[in-house]
Amino acid sequence: MITFVLCIVLLIVGFMTYGKVVEKVFGPDDRETPAVSLADGVDYVPMGNKRIFLIQLLNIAGLGPITGALMGALWGPVVYLWIVFGTIFAGAVHDYMTGMLSMRNRGGSISEIVGTYLGGGMKQVMRVFSTFLLLMVGTVFAVGPSALLAMLTPESLDKNFWLVVVLIYYFLATLLPIDKLIGKIYPFFGACLIIMAVGVGMGLVIYNITGFGGFGETALTIHMPELWDNFANLHPSDMPIWPFMFITVACGAISGFHATQSPLMARCLKSEKGGRKIFYGAMVAEGVIAMVWAAAGVCVYNSTGGLSAMLNDPNIGPNGVVYNTCMSILGPVGGVLAMIGVIACPISSGDTAFRSARLTVADWFKIDQHPIKQRLALTIPVLAFGAIVGGFVDYAIVWRYFSWSNQTLAMIALWAAAVYLWQQKKAYWMVAIPATFMSAVSATYFLAAPECLGLMRAGQLGLAYGIGAVIAAIFLAIFLKTTVLSKKDAAAAA
C-alpha cells in the first residue's frame, strides 16, 4: 500500500513541479488564442477551463488508462514505475507540447504541426497515418460498446442495432458545434470517470488496512504488494518487460492518440496560460486513474496469474474485470459507474476520433468547416467508413497493431516538439530525451513482436534490443546533426 500511495503522491508532485518547469520552458503568453481569433461557433469555440479539462480528460482517456493499466498489471508492481515516470516526463510533456503547439499554429491538427517542424514529407506520412489511426479507433470504439449493449438488452436489440445507434450519435458529435453535444455531456462522464477511480482507489486502501471488505457474495481479501518486495517480472507468460510493457500500458503513461485530441481543446482555450492545467494536468489525472487500475489488477485477483485468467476468459475479459472490480469494491453504485466506464468511455473516445479525422482531412485539403454543407461533405464519408468496415474487419487482428502505431505517433510528435524548442533556443532536451526513449520502444517492439517482424518468436530478442537501440541512437544523431550541430557549423562558417 505504501508504494501505491507514494506513486499517487509523486504524480501530483510531478504536476506541481515538473509541470511548471515544462510550462516555463515553453513560455505561454497573453497572445490571442485561436479560440478567439478564429472563433467560428463550430470547432473554434471559447469555453471555460474547468469544462475544457473534463472534456480533455475524457477525450484522451476513454478506457485507455483502465484496460491498458490492467493489462500492464500482468507484469506486477513494476508497472507502477512506468506509469509514474512515463506520465511525468513523457506523456504529460507530450500532451502539453502538442496542445500548445496547436495553439501556436492556428489550432492545427498533429499532422500539420509535424509538417511544420519535421518537413513536408513527414507531414504527408502523418496525414495518412493519423487519419487511418483515428478512423480505426472510432470504428473499434463503435463496435465494442455496441456488442456490450447488446448483451444487456433484449435479443431483438442486437449488436447491429446498437452499432447503428452509436454511429448516429457519432454523426451528430462529429457534425455539430463542439459545445452543443460534446461540451454538454463530456463534463458529466468525465466526472464519473474521476469518481470511479477515486472510489476504487480508496476502497483498495481501506480494504488493505482492514484486511477485508467489499460487496457481493464473497468479501474481498486485499493485500497490495509493495514494489521493493516484488521488483521482478511477474508476467504469467514471462513476457519481457522491455519493450512490451511500455507498449501495452500506452494511454496510462504516454499515447500518440492524445496528440490527435489535444488540438480539439487547443481551439477552445481562451488563454495559453491555461495550457498546463488542461494538457499536462489531464495527462497526470489519467496517470492517477491508471495507477488505481494497475493496483486493482495487481491485488484484487490475488496474483497476476489470476488476473490473466480473467482477462483471457471470453466470458469476462477486460470489461468484465472492470465491472466485477467496481461491483466488489463499490457495490451497486460501482456497477453503475462501471457501466458508464465500459460503455460511455470508449464511445467518448470514438466520437472525438471521428471528429479529429474530419478536422485532419479539412486541414489537409484546406476545407472551411464553418458551412454545414462542407462539414457534411467530410462527416458522411468518415462515418461511412466506420459503418462499412464495422461489419467486415476482424478487430482482434487490426487492434493489436494499435498500441504500436499509437506509441510511434507519440514518438514523431515528440521529435516535432524537440525541433520547435530548438528553434526557439529553449531546453529541447526535455523533449528530445523522451523522444529518443520512445524511438527505442517503438523500434524494438516492431522488431520483436510476433505480429510484426517476430524476432522474439525466432529466439532473437537480444538482436531486437540491439537494433532498436541503434535506431533510437540514429534518430537522436539526425536530430543533433540537423539542429544543434548545424548551428555550430553556421557559426564556424561565419
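A residue counts as buried when its relative accessible area is under 20%. Keep that cut-off in mind for this predicted model.

Start with Gln261. This residue lies in helix α12, which spans residues 257-266. Its relative accessibility is 0%, so Gln261 counts as buried. What does the side chain of Gln261 join through a polar contact? The partner is the side chain of Ser356, at 3.0 Å. Ser356 is also among the residues that Gln261 touches beyond four places away in sequence.

Next, the nonpolar core. The largest one holds 155 residues. Which of its residues touch the most other members? They are Val200, Leu204 and Trp293. Helix α15, residues 317-365, gives the most to this core, with 17 residues. Leu204 shows what such a position looks like in detail. Leaving out residues up to four places away in sequence, Leu204 touches Ile222, Met224, Val292, Ala295, Ala296, Cys299, Val300 and Ile329.

Now turn to a pair of helices. Helix α2 covers residues 18-26, and helix α6 covers residues 79-104. Their axes are 11 Å apart, and the two helices pack at an angle of about 30°. The crossing of α2 past α6 is right-handed. From α2, the contact draws on Tyr18, Val22, Glu23 and Phe26. From α6, it draws on Ile88, Phe89, Val93, Tyr96, Met97, Met100, Leu101 and Arg104. By class, the contact residues divide into 10 nonpolar and 2 charged, with no polar ones.

Ala150 sits in helix α8, residues 120-152. Is Ala150 buried or exposed? Its relative accessibility is 19%, and the cut-off for buried is under 20%, so Ala150 counts as buried. Setting aside residues up to four places away in sequence, Ala150 touches Leu157, Asp158, Lys159 and Trp162. For a sense of span, take Gln423, which is 273 residues from Ala150 along the chain. The C-alpha atoms of Ala150 and Gln423 are separated by 53 Å.

The last stop is Ser442, in helix α19, residues 429-448. Ser442 has 3% relative accessibility and therefore counts as buried. Which residues does Ser442 touch, not counting those up to four places away in sequence? They are Trp404, Thr408 and Met411.

Technical notes. Residues numbered from 1 in each chain as written. Predicted model: local features only at pLDDT ≥ 70, side-chain atom pairs only at ≥ 80, totals over all residues. Heavy atoms only, no water. Helix = DSSP H or I, 4+ residues; strand = E, 2+ residues; numbered from the N terminus. Buried < 20%, exposed > 50% of the residue type's maximum accessible area, 1.4 Å probe, protein only. Contact = heavy atoms within 4.5 Å. Axes fitted to C-alpha atoms, helices over the stretch in contact; angles between N-to-C directions. Left-handed = near helix turned anticlockwise from the far one by under 90°. Nonpolar A, V, L, I, M, F, W, Y, C, P; charged D, E, K, R; others polar. Polar contact = N/O pair within 3.5 Å; in protein donor to acceptor, adjacent residues only side chain to side chain. Core = buried A, V, L, I, M, F, W, Y, C linked by side-chain atoms within 4.5 Å.
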